[in-house]
Amino acid sequence: MRRASILSAHARRGSAAVEFVVLVPFILVLSAAIWDLRVFTAYRTDVARENYVIAELIANGGTWTSDASVENVIEAAAERLGATSHGVLHVALVTRAAARHDGTACVDDSDWCAPMVTRAFYDYAFPGGAGDCRNIARILPDEGDRFDVNATVLPFEGADPDGAGPDPAPSVDQWVSRNIQPEEWWIVVDSCSHFGEGPRSRLIGGRFMNMALATLDVSPVMQRRSAWVAIDDLSECVWC
Amino acid sequence: MARTETAVVYLKTCLPTDRVVIAHSPMRTGQPKPIRNRPTGAMAVEFCLVFLASLSLFGLAGELFRVSMVDQTLARVTHQSARAIAGLADGDVGCEETIQEAFDQNVGARWLFDRNGNDTVDIAFSYGDAWPAVTLGDEIGIAISWDDDPEAGIDWTDATTGSCGGDGSWLRLRSRFAIQPWFGPVRAFWGEMHRQHESWGRNTRTF
């Protein structure tokens with residue numbers, strides 16, 4: 001005996017078309033999301049990579065004869081990163097401070113002494129603007145100020161390399177505000193970039209991507225810090 | 001059973017329990033037509049439609065994955081090339097040779113860019129500010145230029161054939177690869193695409 005079907009014959013007849021129409025948009029949206037995540041990941045990698053190049057480039061430019069070279073390099077870097085995002089660049093020349101935080105003068109080279117910002121090149125906005133980075137406070141000290149004792153600024157390069165250091169000693173490669181030699185100088189580059197808001201964001205989802213990132217608690221605003229030690233002594237640097 | 005030719009098949013895994021297909025042997029001639037509760041051929045049509053749609057979408061996803069791999073590999077190797085030149089201390093090694101070595105030593109680059117299978121990435125070098133011109137007949141195009149004097153502004157106009165710049169100059173590499181999608185519908189839609197990347201390095205010796 002033929003049993004009654006819940007679905008009518010008419011409804012069953014259209015199942016292939018229904019499946020096609022319902023599934024395809026989901027798969028297309030999923031493909032777009034995967035592509036956007038790929039672009040986002042590639043951008044993060046690129047920013048991290050180029051951040052170091054900028055620091056290295058300026059740190060190796062001790063023979064430049066004026067600040068103009070440093071400023072031009074920072075502007076070119078901002079233009080490069082600004083092709084796909086909004087944001088801002090900060091560059092600091094870091095040397096040894098003359099005194100510790102407690103006021104003790106750094107006379108002996110082996111004394112623990114915090115690094116300080118000797119020259120500051122701050123607030124270089126990308127050509128398209130700073131984006132949401134304008135709402136984020138710069139975390140590099142002002143020119144002439146020391147880094148905080150536990151600030152992450154320079155990599156610790158092994159056990160007790162330059163005399164006394166923080167107690168307890170940090171692990172190798174942990175970034176700390178460590179002792180710094182009188183002739184040593186570093187370039188620290190802080191970049192803040194607001195991804196997905198640039199002139200060529202390459203995102204399929206556009207603003208939808210920002211919503212998705214916010215939902216996943218992943219911010220499209222990225223902050224990166226790179227530090228590079230100079231190959232020349234501080235006394236040999238012309239523009240420093 | 002009185003009628004051994006008749007079999008009743010319950011397709012419990014494919015159909016709801018109230019939908020039963022009764023299959024009759026061809027020998028039961030003269031009997032009423034078997035009851036069918038699906039329109040003729042609907043399963044085949046559905047299978048074909050879903051199969052083709054899935055195939056197209058998987059093809060599209062595969063192409064996106066391939067383009068992604070090309071993008072990331074090109075970015076990484078271009079960066080490695082610039083870094084290799086920047087850190088080069090051996091005065092006997094040339095600029096182009098260093099870039100060639102960086103590409104050849106990267107397994108991913110050889111796999112993706114070595115179109116003619118000669119175990120090396122054939123690089124067409126050009127010198128100047130423009131992006132290198134490449135077609136599907138080429139493997140990789142690289143344009144080299146540098147800036148000798150950042151104080152006067154960054155313009156990337158310094159270029160001499162066979163050279164990567166002088167000591168202290170700021171080097172720029174621009175690499176480009178032409179990619180053609182393999183999957184027919186995607187190829188028809190996109191045709192030839194160019195993927196490109198640029199990277200910097202600071203020369204520590206004169207080439």
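1. Conventions. Residues are numbered from 1 along each chain as its sequence is written, while chains are lettered from A and ligands numbered from 1 in the order in which they are written. Because the model is predicted, local features need a pLDDT of at least 70 and side-chain atom pairs count only at pLDDT 80 or more, whereas totals for chains, interfaces and linings use all residues.

2. Confidence. The model scores ipTM 0.72 and pTM 0.74. Within chain B, confidence is highest in strand S3(B), at 95, and lowest in strand S1 (residues 7–9), at a mean of 40. Residues 1–20 of chain B have a pLDDT below 50, although this stretch has 20 contacts in the model beyond near neighbours in sequence; two residues are in contact if their C-beta atoms, placed from the backbone, lie within 7 Å. Where pLDDT is low, the predicted coordinates should not be read in detail.

3. Chain A in outline. Helices (H or I, at least four residues) and strands (E, at least two) are DSSP runs, numbered from the N terminus. Chain A has four helices and six strands, and from the N terminus on its elements run α-α-α-β-β-β-β-β-α-β. Of its 240 residues, 34% are buried, where buried stands for 20 or more other C-beta atoms within 10 Å of a residue's own, exposed for 12 or fewer, and partly exposed for in between, with C-beta atoms placed from the backbone. Among the contacts in chain A with a separation of 6 or more, 76% are between residues 24 or more positions apart.

4. Strand S5 of chain A. Nine of the 10 residues of strand S5 (residues 186–195) of chain A are buried, so this strand is largely enclosed by the rest of the structure. S5(A) is joined to strand S1 (residues 85–96) of chain A by 10 bridges, the two running antiparallel, and Ser193(A) in S5(A) stands opposite Gly87(A). S5(A) also pairs in the antiparallel sense with strand S6 (residues 221–229) of chain A, over nine bridges, and here Val188(A) has Ala227(A) in S6(A) as its bridge partner. Strands are said to pair if DSSP finds at least two bridges between them.

5. The largest nonpolar core. A nonpolar core is a set of buried Ala, Val, Leu, Ile, Met, Phe, Trp, Tyr and Cys residues joined through C-beta atoms within 7 Å. The largest one holds 75 residues, of which Ile58(A), Ile187(A) and Leu171(B) touch the most other members. Helix H2 (residues 15–59) of chain A contributes the largest share of this core, 11 residues. In soluble globular proteins, nonpolar side chains tend to be buried together.

6. Chain B in outline. Chain B has four helices and six strands, and from the N terminus on the order is β-β-α-α-α-β-β-β-α-β. Buried residues are 26% of its 207 residues. Of the contacts in chain B with a separation of 6 or more, 54% link residues 24 or more positions apart.

7. The sheet of chain B. Four strands of chain B form an open sheet of mixed pairing, in the order S3-S4-S5-S6. Its edge strands, each pairing on one side only, are S3 (123–127) and S6 (193–202) of chain B, and the twist averages 20 degrees from one strand to the next. S3(B) pairs with strand S4 (residues 140–147) of chain B in the parallel sense over five bridges, and Ser126(B) has Ala143(B) in S4(B) as its bridge partner. Helix H2(B) packs on the sheet, touching S3 and S4 of chain B, and its direction makes about 140 degrees with that of S3(B); axes are lines fitted to C-alpha atoms, for helices over the stretch in contact, and angles run from 0 to 180 degrees between N-to-C directions.

8. Helix H2 of chain B. In helix H2 (residues 95–104) of chain B the buried residues are Cys95(B), Ile99(B), Ala102(B) and Phe103(B). They cover an arc of only 95 degrees around the axis, which puts them on the same side of H2(B), the arc being that of the directions from the helix axis to the C-beta atoms.

9. Gln196(B). Gln196(B) lies in strand S6 of chain B and counts as partly exposed because it has 18 C-beta neighbours inside 10 Å. Leaving aside neighbours within four places in sequence, Gln196(B) is in contact with Trp131(B), Arg174(B), Ser175(B) and Arg176(B).

Note on methods
pLDDT = per-residue confidence, 0-100.
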